[in-house]
Structures are given as C-alpha cells and as structure tokens.
Amino acid sequence: MRYLDEYRDPLLARQLLDELRRTATRPWRIMEVCGGQTHTLVRQGIDELLPAGMRMIHGPGCPVCVTPLETLDRAMAVAARPGVIFTSFGDMLRVPGTDTDLLSLRARGADVRVVYAPMDAVRLAAAHPDREVVFLAVGFETTAPANAMAVLHAARLGLTNFSLLVSHVLVPPAMTALLDDPDCEVQAFLAAGHVCAVMGWREYEPIAARYQVPIVVTGFEPLDLLEGVLMAVRQLESGRFEVENQYVRAVRRAGNTAAQEAVRTVFRVADRAWRGIGALPDSGLELAEEYAEFDAARRFDVSGLCPVEDPECIAGAILTGAKVPTDCPAYGTRCTPRHPLGAPMVSSEGTCAAFHAAGRVAASVRSTP
Amino acid sequence: MSIECPAPRHEEEVVLLGHGAGGRLTEELLDSVVLPAVGETEGPLEDAALLPGRPDLVMSTDSFVVSPLFFPGGDIGSLSVHGTVNDLAMRGAWPLALSVSLIVEEGLPLSELRAVMASLGKAAQEVGVPVITGDTKVVGRGAADRLFINTTGVGRRQAPLCPSAANARPGDAVLLSGPIGLHGTTVLSTREGLGFESTIASDSRPLHRLVHALAPLGAAVHVLRDPTRGGLAASLNEIARDSSVAVEIEESAVPVPEAVASACDLLGLDPLVVANEGCLVAFVDPETAEHALTAMRSIPEGTQAVRIGEVVSDGPPGRVTLRTLVGARRIVDMPLGEQLPRIC
C-alpha cells in the first residue's frame, strides 16, 4: 500500500538496525515524545532490538495520559447532567476519574457518544437544538486545529448549545521542563511528527541549541522510527545538536500556517496542569476571550472538585521516563487495562498499556515459571 | 511482586457494552454470572455443543443486534443465517435446520423488515438449510433498536471430523482461510459514515462448504474457529487456553486488506481484534497442512487460504505470540472489551 507498506518493509528494517548497530558506540538514551511512537516501538518490539545498552525513554506525549484528573472529573460532572450530549474521542471513555468513568456513566443513562472528529459534535448540536452538546477537547497541537475549526464553524452557524471542555497541551514546554530536571537522562529527542506537521519545527531550534540536544522530527511507522533513531544517534556520535526532519513526507519547517492561524484565533496560551507532571507555565491552550461562550467549564459550574490520585500510581515517573511500567509494583496485578489505576494504563498510546498489550513483565517475574 | 487479587476501583454493578464484545469482559460475565447459574458444562466453551447422548448432532444459538441493519456485503438477515451455520461448521457439522426469532421495534418500516426477511430466506436457501420454526415479538419504541434476530441451528457432524478448541497440539500448522478485518471495519465505517464503506464489504458468508472440503482430512483437523467478535486475537487466545498450548504467528503472513489496514490505522484499531464473519482458523496436523490448504483453496470461500503460524512446543501454555515485521516478538493478548460495539 502506498505510504504504508513501504514503511513497514522487514528487509529495510533489518538493514536500518544493522546500520544502527554499526553506528552506536555508546549506550545512548533517546526519548520518543509521542505516544503513537511508543505504541509502534513496543508493538513491533523495536526497542528490544536496539544495540546493547541503548535505551528508548517513553515520553509524555499521550494526550489521554496527561489530561489532569480534575478535567476528567469535570467531564463526568458535565456528562451526568440531564439534557447534555457529551462527546469525546473513544480513548477518553475508559479513563478513570476519581469515582467513575464515562463508559460506566453511559451504562447508567448518561448520553455519552464517541465521535471521530469535533465537527461531528457540531453537527449533533445543530441537529439537537434543545440539547447541550459538549466536546472533550484534549490533546496536543495535533488536535487543536480541528477543535478550533469546530468552534469557528459553530460560531458561524450561531449555535448556542455547543461547547468545548478544553485541556489542550503543548509539546515544547514539556520538553524544556524535562530537560530542566537535573535527573533528566534524555540525550536526544524524537519529536512528534504529527505535532510538527501542524507547528513545523522552528520552535524546537532554540531548545536544541540551548540544551545541546539533538531533536529529530520523526514519523510513526516502524521504518520512520528506526530512521529517526539512527539520525539521532549519528548526531550524538558526531557531537551535533540540530533539529533534523525524518518525516519529510508530512512536515515542513514552517508547519501548516493555516492551521496555526485557526488555533491562534480561537485559543490562547495558558498555564496548564499535566497529569503526573504538575503545573507547567504556558504549556497549554484555553479558549480566547472572544470565544469564551464556547467554554463548557464556564457554561456549567464544575469548579470545586477535589480529585484524588491513586497513591500507588507512578504515572508521573512513567510520563517523565524516570521509570518504566515494569518497575511499578502494581503493574499487571492491581493495575491492568481492565482496572487501570492511572491513565498510562488506559490509552492504547499509554506506556503502561503498550507494555501490557505486548505482554511485557518485570524481569523478576519473567525468570520465575 | 505481590500476587494479591486486583482490587477493583471501578463500578461493577451494571452491565457495560464491553461485556458483550467477546473479549475478557465477556469471559468474566460468563464465569461470574451465567455459567454458575446454569451449571458448569463439560470441557471448554465452543462455538457449538454436541447434543448430550447424540454426539453426532451439534447445536448452536446466536443473537444478532448489528447496527446498521444493512451494510455493504450483507445485512442482519443473511448474517443471522451465516453466523449460526458457521458456529455449527466449526464443530465439523453440516446444518440440518434453523429456527428464527424476531424481536421487532414498533415503528420499523415494513419494507425494511421485508428486505431483511428476503435476504434471510435467500441466505438459508443458498446454504441449503430449512427454517423449521420461529417466533415473532414486537416491543414498544425504544425497547429495542429496530430489529434483533436470534437463530438456533442443529447440524450433523461430518465424520470423521471432530474438531474442538481443546484439540490443538504442539507442531500443528495454523491456517487462515482468508483476509481478516473486513466485517468489523465495514459495519463501523457504514454506521459512522467514515467513507471506507465504498471500498470494502463485509466477508459475511457460510463456511460449511469450506469445512466439508476439509472433511477428508478427518481427525488431522484438530481445531476450527471462526474469528468473529474479538477477531483473530480472541480466537487464537481461546484455542491456546483451551488446548494449553503456545501459538506463534507471523505478522507478515496474516492477510490484511489495504482498506482494512487504512481504516484501522486511522481509528487506532488492531486488525487482529476486528471481527470477521466469513473466514476460519484451522489447526491441523503439520503433515496435512499442504493438503488442507489445497482443499480450502479449491472452493471460492478459501481461495486466499494461507499458513500464518504454528503451535510451538517451547512457549508457556495459553500464550499467543506474534513475530513482528522487524523480527521481534510480542504477545497477542485477549482483547479486553468494547472496541466496535454491535457488529453482529
């Protein structure tokens, strides 16, 4: 298949792995930022085929995982209201809030619907003028343009029954927060290709220069990741720290300027709490004042929630790459995709869920029959 | 590492859609609620059961709640025939008779009911199975979604076939009769208007002739399963569990049609867990694998039959492993719960 098969070619994959083994002379630590990349790495077992000592650190780029518990509890509070049609991407439905999740709410009668695009939620609002339609707008720079377009479209239609519960986050502030941590082990980044398809990579250039860290804009197929890792290792081996683009078929340096313009129109940069990481200044998006009427958090009074994280969950250490899922005593026992204690076990892009789906167990468990 | 039971934090007291998705949640519901009430059955749960005292006869029942009622490649009428005929066939049986029960929601246009029944009748005729009894109920608006159909079938085993999910043995070749993922992605795409429905169609079709073609191999055919809900991943996990064997398949050998791969990529689904209604997995003696493939390929339902893996002797019982495109191995787990609701 065009644009798919050629990036999954087993022979080319082995050639890239051989080249990687010839190139890497040290146990480099490379972080793939995006959860989609983590998924491919673990699904294909690429991280286990890397040269000895080299390690991938799985980054914070899973939107489901970093959405704060408070946002989830707000979502449940809004969804439980009579008259509300609550819409979301499917992944968010199983994420546990403090008391429940959206799937369980639906089983109890709440009108919770999976949509595949925010524009579907706008269409629902137009078709049901007597109902309030709320869309859970989470994600990185990748999903922000479509959410912005949905708001612009709803405004054009004059809809007063459509709103967004916004918890958008931005990649560069998370990268700098990681790099500022004195315990940070990351020596190079694979930047998220789809985020860069929207934003381009200009904003990564000062990060590469300031922290002297190579950044490779990378795609999501097995060969993309292998090539991205190889490009990062070549930079590390030669002492370079530049922003390079592996994902040339999708990403330009300036990104998609029309999409950026829509985002700038509808949203403004704001401080944002990241689940497991904490509050980071200027690390998210909220609706701009002109579009505040579309803000579900204002429309429905959902303040005053006091969410409590499960004390056993080490999501923070997972999201920052300080620990891997198999380090967690609850992994695979008290925390499974069936009963997730925290978000990284819920989303298929979450590091814990990716490990669990691939059947990975802690080394201590593996050795016992 | 602690080995305590998982401490559930979730609400447990209501049925979730995922309990009907054919994965781990369905297993839990059967084990905790259904089976304790009706009494334990002997042996593993199979697609169809041998009638007590009459092991030459096989019985199976299935309810169909697919939404939408009509989709490219089929509709709820033909599906309700194929589903039960195939469940019988997976125990090596030729269908003798079907019952059909309708639960109709008030307000369903008669023209739609007529179209569904015409399709059901045509499907039964093509299979060559008579519908000998049935029932019709109408419920108020909102008490059902348009139309639900239950079919029950009785079949006669085609001696010397005696496949069972518990019969897989180390060394067995794992064969697949055709491409995977078509039914689930077609129904989802049609329901949600995703645009793939113009390029794909459900694989819904009867498989009894395909099984008949395997009959001469007799007892060398150890297991037959049609990977419906939960897809190939669920079927292989059930077989590995019920036979206490380890199964290994080759990712590059599993046929995934282009449109299915695209749709799954877009939606974040794994083709291995997407439902099928017109292919089967066969575990056969390795000596007869080539014969089995030739036999399957000789009829239209099996022209694309391939070998996708084997039962390995060195893996832990119950485990299904996939050799990935890049040559690593990963475990194929039992799907959890709801992925594509109401696909059959």
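Me: Where is Pro68(B) found?
Reply: In this predicted model, Pro68(B) sits in the loop between β2 (54-64) and β3 (70-71) of chain B.

Me: What is the peptide bond from Ser67(B) to Pro68(B), cis or trans?
Reply: The bond from Ser67(B) to Pro68(B) is cis, and its omega is near 5 degrees. Most peptide bonds are trans.

Me: How many residues are in contact between domain 1 and domain 2 of chain B?
Reply: There are 20 residues of domain 1 of chain B in contact with 21 residues of domain 2 of chain B. On the domain 1 side, α2 (76-89) and β5 (93-105) of chain B each give at least two residues.

Me: Which element supplies the largest share of that domain 1 side?
Reply: α2(B) does, with seven residues. By class, the domain 1 side that touches domain 2 of chain B has eleven nonpolar, eight polar and one charged residues.

Me: At what angle does α2(B) pack with α3(B)?
Reply: The angle between α2(B) and α3 (residues 110-127) of chain B is about 35 degrees, and their axes are 6 Å apart. The crossing is right-handed.

Me: Which residues of α2(B) and α3(B) meet there?
Reply: From α2(B), they are Ile76(B), Gly77(B), Ser78(B), Ser80(B), Val81(B), His82(B) and Val85(B). From α3(B), they are Val116(B), Met117(B), Ser119(B), Leu120(B), Ala123(B), Ala124(B) and Val127(B). That contact has nine nonpolar, five polar and no charged residues.

Me: Switching to the sheet in chain A. In what order do its six strands come?
Reply: The order is β4-β3-β5-β6-β11-β10 (chain A), in an open sheet with mixed pairing. The edge strands are β4 (111-114) and β10 (267-274) of chain A, each pairing on one side only. From one strand to the next the twist averages 25 degrees.

Me: How do β6 and β11 of chain A run, parallel or antiparallel?
Reply: Strands β6 (residues 162-169) and β11 (residues 278-287) of chain A run antiparallel and are joined by two bridges. Opposite Val169(A) stands Gly284(A) in β11(A).

Me: Which strands does α7(A) touch when it packs on the sheet?
Reply: α7(A) touches β5 (132-139), β6, β10 and β11 of chain A, and its direction makes about 160 degrees with that of β6(A). Helix α8 (residues 171-180) of chain A also packs on the sheet, touching β10 and β11 of chain A. The direction of α8(A) makes about 175 degrees with that of β11(A).

Me: What about α7(A) against α12(A), at what angle do they pack?
Reply: Helices α7 (residues 144-157) and α12 (residues 257-266) of chain A pack at about 60 degrees, with axes 8 Å apart. That angle makes α7(A) oblique to α12(A). The crossing is left-handed.

Me: Which residues make that contact?
Reply: On α7(A) they are Ala144(A), Pro145(A), Ala148(A), Met149(A), Val151(A) and Leu152(A). On α12(A) they are Ala259(A), Ala262(A), Val263(A), Thr265(A) and Val266(A). By class, the residues of this contact are ten nonpolar, one polar and no charged.

Me: Last topic: how is chain A divided?
Reply: Chain A has domain 1 (5-59 + 171-245), domain 2 (65-170 + 255-299) and domain 3 (315-357). Over C-alpha atoms, 25 Å separate the centres of domain 2 and domain 3 of chain A.

Me: How many residues of domain 2 of chain A are in contact with domain 3 of chain A?
Reply: Nine residues of domain 2 of chain A are in contact with eleven of domain 3 of chain A. The domain 2 side has five nonpolar, one polar and three charged residues.

Note on methods. Residues numbered from 1 in each chain as written. Chains lettered and ligands numbered in written order. Predicted model: local features only at pLDDT ≥ 70, side-chain atom pairs only at ≥ 80, totals over all residues. Axes fitted to C-alpha atoms, helices over the stretch in contact; angles between N-to-C directions. Helix = DSSP H or I, 4+ residues; strand = E, 2+ residues; numbered from the N terminus. Parallel < 35°, antiparallel > 145°, perpendicular 65-115°, else oblique. Left-handed = near helix turned anticlockwise from the far one by under 90°. Contact = placed C-beta atoms within 7 Å. Nonpolar A, V, L, I, M, F, W, Y, C, P; charged D, E, K, R; others polar. Pairing = 2+ DSSP bridges. Domains from an automatic or database assignment.
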